[in-house]
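Thanks, everyone. I'll take a few minutes on one structure, starting with its aromatic rings. Please have the view open.

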Amino acid sequence: MDEGATGASAAVSDFYRARRRAGLRRLMAQLGGGREQRAISYEEVRKRLQAVESARHELQDVPVDAIVGSVGRYNDFTREFLPRHDAAVERWVGVKMAMTGMEGVPPIEVYRVGDAYFVRDGNHRVSVARQLGVAYIQAYVTPVHTRVPYSPEDDPESLIVKAEYADFLEHTRLDELRPGADLRVTEPGAAERLSEHVSVHRYFMGIDEDREVGYEEAVAHFYDTVYLPVVKAIRASGILRDFSGRTEADLYLWMADHRAKLEEELGWELPGPQVVQGVAGGQLAGEEERGALLRRLAAKGDTGEVSQLADDLLVAFDLGEPGMTALEQALVFAQRERARVYGVRVMPEEAPEEERRRTEEIFDERCRAAGVRGQLAVVAGDPVTRILERARWADVVIANLAYRGRGEVEATLARNVRPLLRHSPRPLLALSGAVTPLERPLVAYDGGPRAEAALFAAVYAALKWGQHPVVLTVEEWDRSAEATLDRARDAFERYGASADYLLRDGPVAERIAQVARDLDRDVILLGSYKHNRFLEDVFGGVPEELLRRAPAPLLLT
């Protein structure tokens with residue numbers, strides 16, 4: 001047998017090997033309840049993505065694995081360009097002989113859509129190149145422009161999703177109005193829901209401004225004031241890491257879907273970023289964000305932003321003296337930070353309706369008088385449970401924990417001091433007496449991670465409000481108090497803020513309370529200062545001891 005016949009025989013064997021692989025792929029797809037992955041139709045992609053072909057083309061080396069479809073022969077090959085019909089054997093063998101012999105073959109012709117390529121001429125050459133394991137093949141490439149990125153990994157469902165997004169961009173022109181905006185989604189129908197959000201926003205924008213709002217104006221305003229704040233919160237919280245394969249726009253829509261249910265359960269209307277914070281379960285401002293905020297304040301003073309330290313305050317109150325003190329303290333805090341106040345009053349199911357209405361009227365009246373935005377939820381159940389389940393949706397929790405000694409009548413929340421101190425997912429401003437202006441902070445600093453949050457609040461107050469905090473470290477046997485105090489001093493000096501620094505020894509809670517009293521401090525910022533959990537359960541911890549002794553509210557970070 002001559003060399004040519006041997007080569008042809010081998011090529012025929014290679015073709016039928018490729019055919020068997022194609023048949024195996026089809027069988028596996030059927031057994032798995034799916035469909036065979038055929039080569040993708042270029043025309044379908046072009047029409048769905050509203051793509052526009054360029055008038056130019058150039059010779060390039062094209063990655064063979066990135067060739068996913070064909071202009072006219074997509075039914076003849078699989079997605080991997082395995083032949084699907086025996087009738088192709090003669091053409092396939094001829095191409096194989098030419099590609100492996102002296103004759104060679106001319107470059108193929110392809111369209112490039114995003115990072116994927118579609119064969120205009122040369123389907124069999126691509127099929128043979130795949131069988132030979134060739135990494136690149138020469139091709140005349142015609143670029144095809146589309147607003148939506150396309151990749152070789154995209155399947156038919158992805159094409160539907162991208163087609164819908166292309167329609168969204170064609171309709172809204174968002175990519176022109178806000179270059180760089182990326183609202184890509186991963187589910188069919190999601191882009192249409194984004195369009196609905198824009199239309200609803202335009203409708204209410206027109207009502208608010210009492211005029212006809214142009215569609216493109218509404219698109220830009222929706223992106224700037226509704227979508228982008230939520231996405232910034234998503235980025236800051238890092239929550240997208242828990243939603244593998246999803247996009248920011250996916251998570252925005254998910255938050256929007258769950259927002260109505262949350263508002264019904266909580267009894268409050270929640271801004272989008274606040275929903276993100278609650279779902280993320282952690283503070284939006286981490287160490288890096290805190291540093292960035294302090295640097296801005298140090299450079300420019302008051303940033304002029306609505307709020308920085310706390311946007312949303314949760315206050316647990318009733319109409320008695322301790323409860324109303326908590327509400328008044330919350331209003332003082334809200335005025336200083338221009339924050340929203342979310343009130344919660346826990347009442348028995350059988351409580352008179354008149355008492356509920358009176359609570360709502362007083363809450364609304366106090367908020368209006370203070371110039372503070374407020375919302376109230378009146379709920380039944382266990383007080384601690386109701387407070388804690390709402391705490392994650394706020395930045396700071398405020399409650400009057402007026403402490404009474406054992407055997408005395410406790411205030412509404414006093415019996416719940418320990419659970420609130422232990423389990424609040426947000427900083428807790430615990431009152432034990434009268435309302436204060438929160439102008440003269442004392443920071444009880446032991447260098448622990450939670451104490452760093454308290455120190456941040458103090459530096460913030462010094463920079464934004466011109467306050468002069470006192471930083472106190474109480475010497476304990478297991479650490480260097482002077483080194484700890486030096487760390488606090490470095491933090492203030494780093495941002496050009498000033499404070500006084502004190503070092504004391506002795507019982508921690510007793511010394512903190514004594515310094516607060518002697519120096520007339522009106523709020524105590526406390527980080528960790530926690531001991532063995534078992535011992536705290538038996539004897540109580542520093543925060544509980546301070547609630548007995550301190551002359552000022554305790555902000556527990």
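This is a predicted model. A search of the whole structure turns up 17 aromatic pairs. Take Tyr203 and Phe204 as one example: their ring centres are 5.1 Å apart and their planes meet at 80°, so the pair is edge-to-face. How open to solvent are these two? Tyr203 is exposed, at 52% relative accessible area. The cut-off for exposed is over 50%. Phe204 has 47% relative accessibility, so Phe204 counts as partly exposed.

Next pair. Phe492 and Tyr501 have ring centres 6.2 Å apart, with planes at 80°, so this pair is edge-to-face too. Phe492 is buried, with a relative accessible area of 0%. Tyr501 also has a charge over its ring: the charged end of Arg489 sits there, 4.6 Å from the ring centre.

Tyr42, Tyr111, Phe118 and Tyr150 form one aromatic cluster.

Which ring does the charged end of Arg390 sit over? The ring of Trp268, at 5.6 Å from its centre. Arg390 belongs to helix H14, residues 383-391. Is Arg390 buried or exposed? Buried: its relative accessible area is 2%, and the cut-off for buried is under 20%. The side chain of Arg390 makes a polar contact of 3.1 Å with the side chain of Glu389. Beyond neighbours within four places in sequence, Arg390 touches Glu265, Leu266, Trp268, Leu314, Val344, Ala377 and Val379.

On to helix H7, residues 190-209. The buried residues in H7 are Ala190, Ala191, Leu194, Ser195, Val198, His201, Met205 and Gly206. Why the spacing? An α-helix has 3.6 residues a turn, so residues three or four places apart point the same way. What covers the buried residues of H7? The cover includes helix H5 (156-172), helix H8 (215-237) and helix H9 (248-266).

Just past the end of H7 comes Asp210, with a positive phi of about 55°. Most residues other than glycine have a negative phi. Asp210 lies in the loop between H7 and H8. Asp210 is exposed, with a relative accessible area of 70%.

Phe81 is another such case. Its phi is positive, about 60°, although Phe81 is not a glycine. Phe81 sits in the loop between strand S4 (67-70) and helix H3 (89-100). With 0% relative accessibility, Phe81 counts as buried. So we have a positive phi in a buried loop residue, Phe81, and one in an exposed loop residue, Asp210.

Last, confidence. The protein chain averages a pLDDT of 86, and 89% of the residues score at least 70. Which element has the lowest mean pLDDT? Helix H19, residues 533-539, at 43. Strand S13, residues 441-444, has the highest, at 96. Two stretches need a flag. Residues 404-413 have pLDDT below 50, and beyond near neighbours in sequence that stretch has 13 contacts in the model. Residues 530-539 are also below 50, with 15 contacts of that kind.

That's my tour. Questions, please.

Notes
Residues numbered from 1 in each chain as written. Heavy atoms only, no water. Helix = DSSP H or I, 4+ residues; strand = E, 2+ residues; numbered from the N terminus. Buried < 20%, exposed > 50% of the residue type's maximum accessible area, 1.4 Å probe, protein only. Polar contact = N/O pair within 3.5 Å; in protein donor to acceptor, adjacent residues only side chain to side chain. Contact = heavy atoms within 4.5 Å. Phe/Tyr/Trp six-rings, centres within 6.5 Å; stacked < 30°, edge-to-face > 60°. Lys NZ or Arg CZ within 6 Å of the ring centre and 35° of its normal. Expected span 1.5 Å × (residues − 1). pLDDT = per-residue confidence, 0-100.
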